[in-house]
Amino acid sequence: MPAPARPRADRHARPGRGAPAPAGRRRLRGQWRTEHDTMRGWLEQWGRPLAADPSAGLHAGHGDLHSLREEDFEGLRALAGADFDRAAVALLLGNLHNAMETIRMEAGGGSYPAAVDLAERMTEARQGQIQRLLALAAG
């Protein structure tokens with residue numbers, strides 16, 4: 001299971017009134033940081049690279065690379081308020097949807113029990129995150 005990119009939502013944030021509360025953002029950052037650190041530790045322990053191979057087509061079987069890239073945030077820089085909220089929620093929902101593909105593959109067919117357990121917990125957590133973001137998007 002590839003290590004997720006560290007979330008960068010606050011770096012470009014100019015949220016409007018529909019933005020998640022600071023406590024919610026802190027909870028997400030903490031959860032993602034814990035997952036990231038766990039997976040990074042496994043990769044280091046196994047002597048595996050920390051970054052996914054960017055070779056074209058290598059990740060085609062599971063929806064390409066799932067981490068957010070700097071260019072994903074470029075459009076957010078010019079937005080503020082409700083426009084920022086809508087774009088940021090859409091970006092996060094897309095990223096979470098793509099991540100769910102990889103997480104479910106690991107939960108359903110992984111061979112390392114600790115990674116399968118983490119994937120199962122991540123599936124539950126991401127489903128809750130997606131539901132909260134959908135509620136924000138609905139207004």
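# Contacts, cores and ring pairs

User: What share of the contacts with a separation of 6 or more comes from residues 24 or more positions apart in the protein?

Analyst: Residues at that spacing account for 71% of those contacts, where a contact means heavy atoms within 4.5 Å. This is a predicted model, in which local features need pLDDT of at least 70 and side-chain atom pairs count only at pLDDT 80 or more, while totals for chains, interfaces and linings use all residues. Residues are numbered from 1 along each chain as its sequence is written, and side-chain values use heavy atoms, with hydrogens and water left out.

User: How many helices and strands does the protein have?

Analyst: The protein has four helices and zero strands, and from the N terminus on its elements run α-α-α-α. Helices (H or I, at least four residues) and strands (E, at least two) are DSSP runs, numbered from the N terminus.

User: What confidence does the predictor give the protein?

Analyst: The scale is pLDDT, the predictor's confidence in each residue, from 0 to 100. The protein averages 80, and 76% of the residues score at least 70. By element, confidence is lowest in helix H2 (residues 70–74), with a mean of 82, and highest in H4, at 91. Over residues 2–13 pLDDT stays under 50, although the model has 25 contacts beyond four places in sequence for them. Where pLDDT is low, the predicted coordinates should not be read in detail.

User: Why is Leu-118 called buried?

Analyst: Buried means under 20% relative accessible area, exposed over 50%, and partly exposed in between (1.4 Å probe, protein chains only). Leu-118 has a relative accessible area of 4%, so it is buried. This residue is found in helix H4. Leaving out residues up to four places away in sequence, Leu-118 touches Glu-35, Thr-38, Met-39 and Trp-42.

User: What makes a set of residues a nonpolar core?

Analyst: A nonpolar core is a set of buried Ala, Val, Leu, Ile, Met, Phe, Trp, Tyr and Cys residues joined through side-chain atoms within 4.5 Å. The largest one here has eight residues: Met-39, Trp-42, Ala-99, Ile-103, Ala-115, Leu-118, Ala-119 and Met-122. Helix H1 (22–46), helix H3 (81–109) and helix H4 (113–138) are the elements that give it two or more residues. H4 gives the most to this core, with four residues. Another core, of seven residues, lies apart from it; among its members are Val-89, Leu-96, Met-100 and Leu-133. In soluble globular proteins, nonpolar side chains tend to be buried together.

User: Why is the pair of Trp-42 and Tyr-112 called edge-to-face?

Analyst: Rings of Phe, Tyr and Trp (its six-membered ring) pair if their centres lie within 6.5 Å; planes under 30 degrees apart count as stacked, over 60 as edge-to-face and the rest as tilted. The structure holds three aromatic pairs. For Trp-42 and Tyr-112 the centres are 5.4 Å apart and the planes stand at 85°, so this pair is edge-to-face. It links distant parts of the chain, with Trp-42 in helix H1 and Tyr-112 in the loop between H3 and H4, 70 residues apart.

User: How do you know what span to expect for H4?

Analyst: The expected span of a helix is 1.5 Å times one less than its number of residues. The 26 residues of H4 should therefore span 38 Å, and its end C-alpha atoms are 38 Å apart, which agrees.
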